[in-house]
Amino acid sequence: MVFPLLSIFALLNLAVVATHAETLPPEVYWKSKLPTTPMPKAITDILHPDLAEDKSTSVAVGKGGVNVNAGKTKPGGTSVNVGKGGVNVNTGKGKPNKGTSVNVGKGGVNVTTGPKKGKPVHVGVGPHSPFDYNYAASETQWHDDPNVALFFLEKDLHYGTKLNLHFTRYFTSSVDASFLPRSVADSIPFSSNKVNEVLNKFSIKEGSDEAQTVKNTISECEVPGIKGEEKRCVTSLESMVDFATTKLGSNDVDAVSTEVTKKDNELQQYTMAPGVKRLGEDKASVVCHKENYPYAVFYCHKSETTKAYSVPLEGADGSRVKAVAVCHTDTSKWNPKHLAFQVLKVHPGTVPICHFLPQDHVVFVPK
């Protein structure tokens, strides 16, 4: 989903100038609160989109103002820098990045188990995130869609399991929304009661797909969590750090995300390699899922019945993926028509259900 950029430039430039002297940059805040915790790639890619391997459009706020990149810092990409000197735009003549169907990407995961080749089952995200378990699957979720997510059973999470997967890093059709400093994010309404003000701030036309996306995200964030779940939608990296450390009761945590080493890859069979291991032992975890919004918003939640795993995967072409999987041991409170139950043909509360984390999602676990 592409959101208007020019209005974002103006808004962020004014906000950053007004608050620059009063706030720590998000990266500095992370280091001050989590001095022994390296930033996962999911976070560094958002903070430093210019260092990401793939071309995408992103907005970064730093000491120099606002930096927006629509590709690498080389010919073929477009960069917009907003700082004290004004607005500078550099465009390249590179060919557009033609994306293919996404299986494990920002929108979710597509899995086919077993050794047989064939077309995997695609499950579209639809109007609601598949990682929000209050919602039933919509009729439109079952089709070939680049935003996909497919769940699997915990019993298949072991060495030797074969999965047909396609990992991608970015959706070429969407803006890779960046973090805003907390003081800036807190100054922007994030409420269904003020959704018109949000649309106006970002020059989003009422009735457009972008407007509906904004409304869906805010609505999901306002719905209470399921029983036993503590949730919050965080609108800044600082708020994410505070939520995770508060809920885990410690600043001594690990933060991990799925890492795909190969830039371009095709749908292929992956095998779980030796080294599948539990993260955080028997302690609770906090999982933060990236939402579709004009700037970075994450749906973070803690549950005592969630387990995180590090899962090394080896592709048929020799590529390797450091995947993170999250398993839910109690699904009894999920919507009985949630897409996970439809995909796996199981019932709520019967078996643990897992999913890989897309590349821009993060899990925090106690060390």
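Let me begin with K41, which forms a salt bridge with D45, their closest N and O atoms lying 3.3 Å apart; a salt bridge here is a side-chain nitrogen of Lys or Arg within 4 Å of a carboxyl oxygen of Asp or Glu. This is a predicted model, in which local features need pLDDT of at least 70 and side-chain atom pairs count only at pLDDT 80 or more, while totals for chains, interfaces and linings use all residues. Residues are numbered from 1 along each chain as its sequence is written, and side-chain values use heavy atoms, with hydrogens and water left out.

K41 and D45 are four residues apart in helix α3 (residues 41-47), and therefore separated by about one helical turn. Helices (H or I, at least four residues) and strands (E, at least two) are DSSP runs, numbered from the N terminus. D45 is buried, at 11% relative accessible area, whereas K41 is partly exposed, at 25%. Buried means under 20% relative accessible area, exposed over 50%, and partly exposed in between, with a 1.4 Å probe and protein chains only.

The structure holds 10 salt bridges. Another of them joins K302 to E230, with the closest N and O atoms 3.8 Å apart. This pair links distant parts of the chain, K302 in strand β15 and E230 in strand β9 (residues 229-234), 72 residues apart. K302 is buried, and E230 is partly exposed.

Six of its six residues are buried, so β14 is largely enclosed by the rest of the structure.
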